[in-house]
Structure formats: structure tokens, C-alpha cells
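Subject: The structure I promised you

Hello,

Here is the structure I said I would pass on, with the sequence alongside. Please open it first, and then read on for what turned up.

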Amino acid sequence: MSGAGKVVCVTGASGYVASWLVKLLLQRGYTVKATVTNLRDPNKVVHLKELEGADERLHLFKANLMEDGSFDSAVHGCEAVFHTASPAFIELTDPQVQLIDPAVKGTLNVLKSCSRESSVRRVVLTSSIVAVAFNRSPKGPDTVVDETWFSDPVFCEEIKAWYFVSKTLAEEAAWKFAKENDIDLVVTNPGFVIGPILQPTLNLSSESFLNLIKGKGGFPSYQFVDVRDVAEAHILGFENPSASGRYLLVGSVLTRSEVMEILQKLYPSMDVPKIAAGDPAYQVCNKRAQDLGVVFTPFEVSLKDMVESLKEKKFLC
């Protein structure tokens, strides 16, 4: 167990990616200090407390992204801080208040806590592909997006992609603060995350996936990654001394019609929506992630595990 005797912090621990991150860290022997917004909410804490090793090595803390110093106690004594906490909603009434402020100010609050704690050796930030690929640059099937790409927040505002704005601005703020305060920062940029769900409620990614397979809107193409691969990449981003910069976490790039074709093959009896063939999507270079040690799960495996998980939790009949 490579993490034996080491203490790390995971923010937003009840989330989709973070729950798997906590699970894998505990499996490796780490002691995990995990933050949630409400210690009394069973939807946020019960599934974490049930993880193997939780009784001995999981410590839960209440923290608020908008409160300066809120993460100090959770970060204290940690070698690594995995900052995954960031709000994500499908329905919005005030994007600035609900998404952008918590994402940006929350990231800075976590980094400020890290800068005050001498034990922290590295911070691994969960960003997103939406902070990478959305700008005015034309993209066709021959376009290859890599870590040098950055989304344009002004363009994202114009298309009212408020979650994209929040993740882009939060990552920008993180890089600036890390440079000014000599913080060793590693950033992961996952694509559309799928795979089994540990938490008892739907999050933005799983709800969007549910809508996708029911034919309720969606994007022409998707950059998919398995949630377990994302969690593993975070740990590799800490454990590998040479890790640096950004890592695009995308295992498969598929159009919506291709997803439906695969889904129909896996589940012939499922009422899969008929989607017209779309244009080929732009490609994403995941070489840096592979060099880090990430082995991407085949899409069909992730898709099947996601569907079975949704069925098990009664979100999909």
C-alpha cells in the first residue's frame, strides 16, 4: 500500500469523481481528510463511511467554498491536496452566484489554505475539458486538441455555457495563484465522465448521461473518460515526482450517434433513441496522461458499468 502513513485531503469528497478518488486512496493505505458541505446529510457522507478502510483512515470535515479559511483544518498536516470541489448544475437561475463565484473563489480559498500549510507538497486540481477546447478556433475531424489549448471565457459567455466559464476561470485563477505563491500544481482536465456511481444521487455528469441515452438533447460529440481512470490519474499526478502541468483525460471521442449504436448493441432490448449520423468529432491527444501511467478503460466497459449502476440505483428502469 503505497499510501501507508501518508495523509492527504480531498475537497468535495461526496462528488462523482471525488468519491472514487477517496475509495482508491483508502485502498492504497492513505489517510484521507475529506471535506463535504454538510456532515449531517446522509447523501454526502454515508457512501463514504461505507468504503473499505473508512473506519480507520477517513476523517470528514465540513467546508464551504465561499468561506476564507474554511479548508485550513482539513489541509493541516496533509502532503497532498486534491481539489475536486466545484458546483455543477443543469438548471441555473444565477450563473455568477451558483457557479462562477464558488468555482473561482473556492479554488482560491483552497489554495490559500495550502499556501499556509508547510506540509503540502503538491496540489492536484480537477479542471475539465471544457476549460481546454472551447474557443473561436475552428475544429474539424483532423483537429487535435492538446494541453496547449485553452477555452475562451468570453466565447463561453457568449454561448451561455456557464459551467464552461466557471471551470475556465477557476483554472486560470489557480495557475496564477500557484505561480505567485510557489505552489506545486498539477491539473487534470477530464472529458465527459462515465462509469459506475458510488454516491446515491445524480450529479451533472450522470444526469447528463441519463438524458443523453433517453434522447433528451446533448452535444453532437463527446470526449469520454471512465471515472475510475480520472481518480487514478489524480493519484498518479501526486505520486509521480515528475508530474507537472495539465493532463487531458479522454479515453474515447465519439459522436452521439456512435454512442447510441454501441448502446443498442450492448442492450438490444433497450429503447434506444434513433440519432442521425453526425459529423466526425475533433480529436484529443491523451499522450501526456498515458505517459503518466493512465491506462484508459475501453468505452464499452465504461458504458455498460454506467448503465448497470444507474439501473442498480433505480435511476434507469
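Which residue of β7 does L125 stand opposite? It is V187. Before going further, please keep in mind that this is a predicted model.

**Strand β5**

β5 covers residues 122-126, and five of its five residues are buried, so the strand is largely enclosed by the rest of the structure. Both of its faces are covered: R122, V124 and T126 are buried on one side, and V123 and L125 on the other. Strand β4 (residues 80-83) runs parallel to β5 and is joined to it by four bridges. Within that pairing, F82 has V124 as its bridge partner. Another four bridges link β5 to strand β7 (residues 185-190), again in parallel.

**Helices on the sheet**

Among the buried ones are Y16, W20, L21 and L25. After α1 comes G29, with a positive phi near 95°.

Then there is α7 (residues 162-180). Its 19 residues should span 27 Å at 1.5 Å a residue, and the end C-alpha atoms are 27 Å apart, which agrees. Its buried residues include F164, V165, A170, A174 and F177. The buried residues of this helix pack against α5 (95-115), β5, α6 (153-158), β7 and β10 (245-249). Just after α7, D182 takes a positive phi of about 55°.

**The cores**

The largest nonpolar core holds 64 residues, and V32 and F209 have the most contacts inside it. α1 supplies the largest share of this core, nine residues. Another core, of 21 residues, lies apart from it and includes L65, A85, A174 and F177.

If you click on V32, the residues it touches, leaving out those up to four places away in sequence, are V8, V10, V22, L25, L26, R57, L58 and H59.

S14 is found in the loop between β1 (7-11) and α1 (16-27). Is this serine buried or exposed? S14 has a relative accessibility of 15%, so it counts as buried, the cut-off being under 20%. Apart from neighbours within four places in sequence, S14 is in contact with S19, V36, K44, H47, L48 and Q199. For a sense of distance, its C-alpha atom is separated by 18 Å from that of A80, which is 66 residues away along the chain.

**Two lysines to look at**

Most residues other than glycine have a negative phi. Two lysines here have positive values. K160, in the loop between α6 and α7, has a phi near 60°. K160 is exposed, with a relative accessible area of 59%. K314 lies in the segment after α12 (299-312), and its phi is about 70°. K314 is also exposed, at 69% relative accessible area.

Happy browsing, and do write back with any questions.

Best wishes

Technical notes. Residues are numbered from 1 along each chain as its sequence is written. This is a predicted model: local features need pLDDT of at least 70, side-chain atom pairs count only at pLDDT 80 or more; totals for chains, interfaces and linings use all residues. Side-chain values use heavy atoms; hydrogens and water are left out. Buried means under 20% relative accessible area, exposed over 50%, partly exposed in between (1.4 Å probe, protein chains only). Two strands pair if DSSP finds at least two bridges between them. Contact means heavy atoms within 4.5 Å. A nonpolar core is a set of buried Ala, Val, Leu, Ile, Met, Phe, Trp, Tyr and Cys residues joined through side-chain atoms within 4.5 Å. The expected span of a helix is 1.5 Å times one less than its number of residues.
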